[in-house]
Amino acid sequence: MSVAASPGPAAAATTVIPNFGHADSCVLHNRFFCWHWFTSHWNDTFAPALVQHIVLTVIAVGIGFVVSLGLALVAYRLHWLERPIGWVAGWLYVIPSLALFQLLVPITGLTTTTAEIALVSYTLLVLFRNVLIGLRDVSPDIREAARAMGMSRLQSLARVELPLAVPAIVAGLRIATVTVVSLATVAAFVIDRGLGPLILRAIGQGLFKTEFVAAGALAVALAITADALLVGARWLLVPWTRRGPR
Amino acid sequence: MNDFTRAFSFIGSHQPLLWQKTAEHMELSGAALGIATVIALPLGLWLGHLRRGSFLAINVSNVGRALPSLALISIGMGLLGIGFWNVSVALVVLAVPIMLTNAYVAIEQADPDIVDAARGMGMSGWQVFSRIKLPLGVPLLFAGIRTATLYVIATATLAAVGGGGGLGEIIVNQASYRFEGVLGAALWVAALALVADLGLAQLQRVLTPRGLRRPGHPRLLAIRPAADARARSANLATAPGRPN
């Protein structure tokens, strides 16, 4: 009995028992969060999903910003266009994302394009409105001074009005970015990219808590980091707002 | 396009199912909004009246916006298990920041000259609040409630993932309802959100004191450029939370 319980050094060296199916007690008991499981799956699961999530977000906010900036500049010149554009963007905005993703499937299929169209459509209202408010809030005196200095309308727009609108534009970008980070998790219903699929998969596999808690926490952390980066960008871009009220 | 035709015929042939799920949807949203209102409005109004805690009141909505609802529902499932209440709690957590910030700003931004005049007439603190600041703040206050309502109705679609029932159950259950059902329910939810928004816009119009009403209908999501800088920063800070 004592012989069987203590294998000699030679036996330990020759038999290699693979560690398949090994799980620590935390995973077996499905505790709220297993740090060890999280770190051991960082490289194969969480890091790629996080990168995909960032890519989805950057593309959506980038396209949304370009489109909104264009629309806002048009509406800035042609007042009567503000209402219809705001109206369409508003209607797009109130459609629940789960529904919008599905509505696009017959048209663009289960592709990243579907996800991006939906995500872009959620940035339009906020960005369009904030760019427009930023431009409209430029004091008429300043605009007049720019014209009096001999600037053309385009020069005044590019060198005076748009720079002064940057705080409002960045405020819009912050909202849009955080929104898209959040909604990109819902895109998991149509595409297998980003942090959302981890949440859905973990729910589907009998509520494995560590995976969806970790994915959810990463999404929150990403949103807060992106927000902080944009605040930093404003600090660099518009030094005159560094002091005093925002 | 054939898909859409079949989706519409699904809507036509599944009316009892859709209305039953809509009722569940509204029950869930209503419970969450009720709880959120009880928590957020008194606190926001009180802080706004005292003009204290602006940092908390403004920033809570920025933090709230950063919480992905799907993640919140999933974390709620980890803590509370599957069911109606886990989803309600998640919805309450999402609705409170929007309402709190709007309630705060609505009361806090009251024109100081008007408040001074009211005090000069001998009004007490409570009278200034109830007769001056509150009526003046109604549009913004209600804008917050409206945004939160839309937000909660939209997010409740995701409740199906957490076992909360509602219209999302059809959308996430392609195996039972096939794609035409998923698409039909998606159209139904989109229509529901739009109808809710229009209804709330009308309600907002009715609730706004006559002197503050502007000609024409309140715009969708009711964000208007404000004149002064304080209201402007408030406006940006209280921009609608995103739908889900």
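# Reading the labels on a predicted model

Q: Why is E169(B) called partly exposed?
A: The relative accessibility of E169(B) is 27%. This is a predicted model, and the value is computed from it.

Q: What makes E169(B) and K21(B) a salt bridge?
A: Their side chains meet at 2.6 Å, N to O. The cut-off is 4 Å between a Lys or Arg nitrogen and an Asp or Glu carboxyl oxygen. The pair is within that limit, so the label holds.

Q: Why does this pair tie together separate parts of chain B?
A: E169(B) is in helix 8 (residues 168-171), whereas K21(B) is in helix 2, so the bridge ties together parts 148 residues apart in sequence.

Q: Is K21(B) buried or exposed, and what decides it?
A: Buried. K21(B) has 8% relative accessibility. Buried means under 20%, so K21(B) qualifies.

Q: Which residues form one network with K21(B)?
A: E24(B) and E169(B). Salt bridges with shared partners join them to K21(B).

Q: What makes R6(B) and D3(B) a salt bridge?
A: Their N to O distance is 3.8 Å. The limit is 4 Å, so the pair passes.

Q: Why are R6(B) and D3(B) said to be about one helical turn apart?
A: Both sit in helix 1 of chain B, 3 residues apart, which means about one turn between them. R6(B) is partly exposed at 39%, and D3(B) is partly exposed at 27%.

Q: What makes R143(A) and E161(A) a salt bridge?
A: Their side chains meet at 3.8 Å, N to O. That is within the 4 Å cut-off, so the pair counts.

Q: Where in chain A are the two partners?
A: R143(A) is in helix 9 (residues 140-148), and E161(A) is in helix 10. The pair links distant parts of the chain, 18 residues apart.

Q: How many salt bridges does the search find over all chains, and how many across the interface of chain B and chain A?
A: Over all chains it finds 9. Across the interface of chain B and chain A it finds 0.

Q: How many residue pairs are in polar contact across that interface?
A: The rule finds 0, with both residues at pLDDT 80 or more.

Q: Which elements of chain B give two or more residues to the side that touches chain A?
A: Helix 1, helix 3, helix 4, helix 7, helix 9 and helix 10 of chain B. Helix 9 gives the most, with 11 residues.

Q: What classes of residue make up that side of chain B?
A: It has 37 nonpolar, 9 polar and 6 charged residues.

Q: How much area is buried between the two chains, and what gives it?
A: About 4,400 Å² is buried, and carbon and sulfur atoms give 78% of it. The contact takes 52 residues from chain B and 49 residues from chain A.

Q: Why is T185(A) called buried?
A: Its relative accessible area is 0%. T185(A) is in the loop between helix 10 (153-184) and helix 11 (196-204) of chain A. Its contacts beyond four places in sequence include H53(A), P68(B) and L70(B).

Q: Which residues have the most contacts inside the largest nonpolar core?
A: F101(A), F212(A) and I171(B), in a core of 127 residues. Another core of 13 residues lies apart from it, with F129(B) among them.

Q: What makes the phi of R51(B) and of R178(B) worth a note?
A: R51(B) has a phi near 55°, and R178(B) has a phi near 60°. Both values are positive in residues other than glycine. Most residues other than glycine have a negative phi.

Notes. Residues numbered from 1 in each chain as written. Chains lettered and ligands numbered in written order. Predicted model: local features only at pLDDT ≥ 70, side-chain atom pairs only at ≥ 80, totals over all residues. Heavy atoms only, no water. Contact = heavy atoms within 4.5 Å. Buried area = accessible area lost by both parts, 1.4 Å probe. Polar contact = N/O pair within 3.5 Å; in protein donor to acceptor, adjacent residues only side chain to side chain. Helix = DSSP H or I, 4+ residues; strand = E, 2+ residues; numbered from the N terminus. Nonpolar A, V, L, I, M, F, W, Y, C, P; charged D, E, K, R; others polar. Buried < 20%, exposed > 50% of the residue type's maximum accessible area, 1.4 Å probe, protein only. Core = buried A, V, L, I, M, F, W, Y, C linked by side-chain atoms within 4.5 Å.
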